[in-house]
Amino acid sequence: MRTAYTVETVRAAERELMARVPEGALMQRAAAGLAVVCAEVLGKVYGSRVVLLVGSGDNGGDALFAGARLARRGAGVSAVLLSPERVHAGGLAAFRAAGGRVVAGEGAEGVLRGADLVVDGIVGIGGKGGLRAPASQLVSSVRALGAPVVAVDLPSGVDADSGVVVGEAVRADVTVTFGVYKPGLLIDPGREYAGVVRLVDIGLELGVGVGAGGGAGAGVGEAEVEAFQYADVASLLPLPTGESDKYRRGVVGIVAGSARYPGAAVLAVGGALRGGAGAVRYVGRAADAVIARFPEALVSAGPPSKAGRVQAWVAGPGLGDDAEGLADVVGADVPVLIDADGLRLADAAAVRGRGAPTLLTPHAGEAAALLGVAREEVERGRLAAVRELAGRYGATVLLKGSTTLVAGPDGGAVRVNPTGTPWLATAGSGDVLSGLAGALLAAGLGAGDAGAVGAYLHGLAGRHAADGAPVGAQDVAEAIPAAWRDVRGD
Ligand SMILES: NC(=O)C1=CN([C@@H]2O[C@H](COP(=O)(O)OP(=O)(O)OC[C@H]3O[C@@H](n4cnc5c(N)ncnc54)[C@H](OP(=O)(O)O)[C@@H]3O)[C@@H](O)[C@H]2O)[C@@H](O)CC1
Ligand SMILES: Nc1ncnc2c1ncn2[C@@H]1O[C@H](COP(=O)(O)OP(=O)(O)O)[C@@H](O)[C@H]1O
Ligand SMILES: [K+]
C-alpha cells in the first residue's frame with residue numbers, strides 16, 4: 001500500500017523527528033536524496049548546466065544544498081533567487097562555498113536557455129493558493145525550454161493536500177518527495193504535473209491509516225489517501241476453493257439496459273461474469289441482447305425482488321428514464337451498487353436510509369449533479385467532492401475519471417486508483433466497471449474494497465486491452481482475466 005499524508009500530519013511528524021536529530025539533519029538527508037536523483041536525470045554531472053529556482057522557504061533550502069552537492073561534482077550550477085532577501089541563509093552559504101553562481105531575477109531567462117536540468121525549489125508543502133508573481137511567470141517560461149525538470153518535494157503550484165492547481169504550476173519530469181507521499185502527488189491534476197515520483201527516506205515514521213469504508217475518521221497520524229499495489233489487491237481477490245459452489249462465490253443481480261440502450265446491460269453483465277461471480281442474474285428490458293451475448297446469464301422477467309437469490313445488486317447503467325425495479329433494489333438488504341442513470345433516478349432519502357452497504361459510482365458530471373455544483377468544480381477538487389458525497393449519502397462513493405477515488409461514509413483514508421489509463425475514456429467502460437465491482441460485492445468484499453479492487457482491475461484491463469491503441473468497452477471487459485492474472489503474478 002502506498003500512503004499519503006496531509007501537510008499537517010507531515011509537519012507534526014517532522015517536528016517530532018527534528019527534536020531527536022541534530023539541527024539541519026533532515027534537510028541534509030532531503031538534499032542528498034535530491035542530488036542523487038538529479039545526477040541520475042543528468043546522466044553525466046561533470047560539465048552539465050543546472051539551474052535552481054529558489055523560493056523563500058525550506059523548499060529553496062533543499063534545492064540550494066542539493067545544488068552545492070552537484071557543483072562539488074563539477075556541474076555549473078546557477079541559482080535564480082525569487083526573494084533574495086528571504087532566501088535560506090545556510091543553503092545559500094553552502095551553495096556559494098561550493099562555487100554556485102547566484103543570478104538575479106532579470107538574468108533568469110538567459111541561464112534557463114542553456115540548462116540541462118531545472119530544479120524547482122520555489123515552494124513545497126508551505127505553498128498556499130496559486131503561484132504568485134514572479135514565480136508564476138518564471139514557471140510558464142520554463143515549460144517552453146524543454147530541459148528536464150526535477151521538482152523538490154512537490155511541483156510548485158500544486159496543492160499538497162488535494163492535487164488542486166490554480167493558475168500556473170511546474171510540470172515536472174520527476175518529483176523527489178521527502179518522507180512520505182503527499183495526496184497532491186497521487187490525485188489529478190497534481191499527479192500529472194508531478195511526473196515520476198521518487199520517495200526519499202528522511203526517517204519520518206507514520207503508520208498506515210484506516211481504509212475507505214473502514215470506519216474511523218482520518219485523525220492525526222492517519223493516512224489521508226492510500227493507493228493499492230498488487231499485493232493488496234491479490235489478498236482481496238475472491239478465489240474459489242474446493243468447497244465453492246455458485247452461491248458461495250456470489251450471485252450478482254443486474255438491473256441495467258433499456259430498449260434504447262441494450263448494450264449497457266451486455267457490458268455490465270460481461271464485467272460481472274469476469275469479476276468472479278458464481279452467477280449473474282439479469283433483470284430488465286435487454287434480456288434478448290444479454291442472452292445472445294452471454295448464454296450463461298440467468299434472465300428473469302419479473303421485478304428484482306422476485307428474481308431469486310442475489311448477494312449484491314448493480315443498478316443503473318443504460319436505464320434511460322426507466323426507474324422500474326430501482327426502488328426494489330434500493331430497498332434490498334444486500335449490498336447495492338448504483339451507477340449512471342440509477343444515480344439520477346434513485347430516491348436519495350431511500351439510498352441514505354439503506355442498512356446494507358451501498359456503493360455509488362458517479363463520474364464527475366454525475367457527481368456534480370448530485371452535489372448541485374458545476375462539473376469543473378468536481379474535477380478541480382476531486383478529493384473534497386468524493387468525501388462530501390460519501391458523507392451526504394452515508395455511502396461508499398467511487399468517483400470515476402482521470403484519477404478514480406473511493407471514499408467511505410465515515411471518513412478515513414480515501415483510496416486512489418493507480419492503474420487508470422485515458423484509453424478507458426470510451427463509451428460503456430463505466431458499465432463494465434459497475435458489473436465488475438458488483439461481482440466483488442457479491443463475493444463478500446466490503447464496499448470500499450470492492451470499489452478499489454474493481455477500479456484497479458478495470459484500469460489494468462484497460463491497459464491490456466489498449467496496449468497503446470484505441471479500444472472499446474467490450475475489449476476492456478474481455479481483458480479483465482489478464483488483469484486478474486497480473487495481480488496474482490501468474
Ligand atoms: N520541515 C522539515 O523538517 C523539512 C522540510 N523540508 C522541505 O521544506 C519544505 C517546506 O518548507 P517551508 O515550510 O519553509 O515552506 P516552503 O514550501 O518552502 O514554502 C514557503 C515559502 O513559499 C512562499 N509561498 C507560499 N505560497 C506561495 C505562492 N502561492 N506563491 C509564491 N510563494 C509562495 C512563502 O512565502 P510567504 O507566503 O510567507 O510570503 C514562504 O516563503 C518542504 O516542502 C521540503 O521541501 C525538507 O528539507 C525536509 C525537512
Ligand atoms: N482520463 C481518464 N483517465 C483514466 N480513466 C478514465 C479517464 N476518463 C475516464 N476514465 C475511466 O473510464 C470509465 C468511464 O466510465 P463512465 O464515465 O461511466 O462512462 P460510460 O458511462 O460511457 O461507461 C471510468 O472507469 C473512468 O474512471
Ligand atoms: K517545489
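Buried residues make up 56% of the 490 residues in the chain. The model is predicted. Among contacts with a separation of 6 or more, 69% join residues 24 or more positions apart.

What about overall size? A compact globule of 490 residues would have a radius of gyration near 23 Å, and the chain has 25 Å, so the two agree. The C-alpha trace spans about 80 × 45 × 45 Å along its principal axes.

The chain holds 21 helices and 18 strands. Seven of the strands form an open sheet with parallel pairing, in the order E4-E3-E2-E5-E6-E7-E8. Strands E4 and E8 stand at the edges. Each has a single partner strand, so one side of each lacks a neighbour in the sheet. Neighbouring strands of this sheet are turned by 25° against each other on average, direction ignored. Within the sheet, E5 and E6 run parallel and are joined by three bridges. Asp120 stands opposite Ala151 in E6.

Here are some of the elements with their residue ranges.

| Element | Residues |
|---|---|
| Strand E4 | 101-103 |
| Strand E5 | 117-121 |
| Strand E6 | 149-152 |
| Strand E8 | 196-200 |

Now to the ligand. How many residues surround ligand 1? There are 27, and the closest are Gly57, Asp58, Asn59, Gly124 and Gly126. By class, this shell has 11 nonpolar, 10 polar and six charged residues. Helices H1 (7-18), H2 (25-42) and H3 (58-72) each supply at least two residues of the shell. H3 gives the most, with four residues.

Methods. Residues are numbered from 1 along each chain as its sequence is written. Chains are lettered from A and ligands numbered from 1 in the order in which they are written. This is a predicted model: local features need pLDDT of at least 70, side-chain atom pairs count only at pLDDT 80 or more; totals for chains, interfaces and linings use all residues. The radius of gyration is taken over C-alpha atoms; the globule rule is 2.2 Å times the number of residues to the power 0.38. A residue is buried if 20 or more other C-beta atoms lie within 10 Å of its own, exposed if 12 or fewer, and partly exposed in between; C-beta atoms are placed from the backbone. Two residues are in contact if their C-beta atoms, placed from the backbone, lie within 7 Å. A residue is near a molecule or strand if its C-beta atom, placed from the backbone, lies within 6 Å of it. Ala, Val, Leu, Ile, Met, Phe, Trp, Tyr, Cys and Pro count as nonpolar, Asp, Glu, Lys and Arg as charged, and the others, Gly among them, as polar. Two strands pair if DSSP finds at least two bridges between them. Axes are lines fitted to C-alpha atoms, for helices over the stretch in contact, and angles run from 0 to 180 degrees between N-to-C directions.
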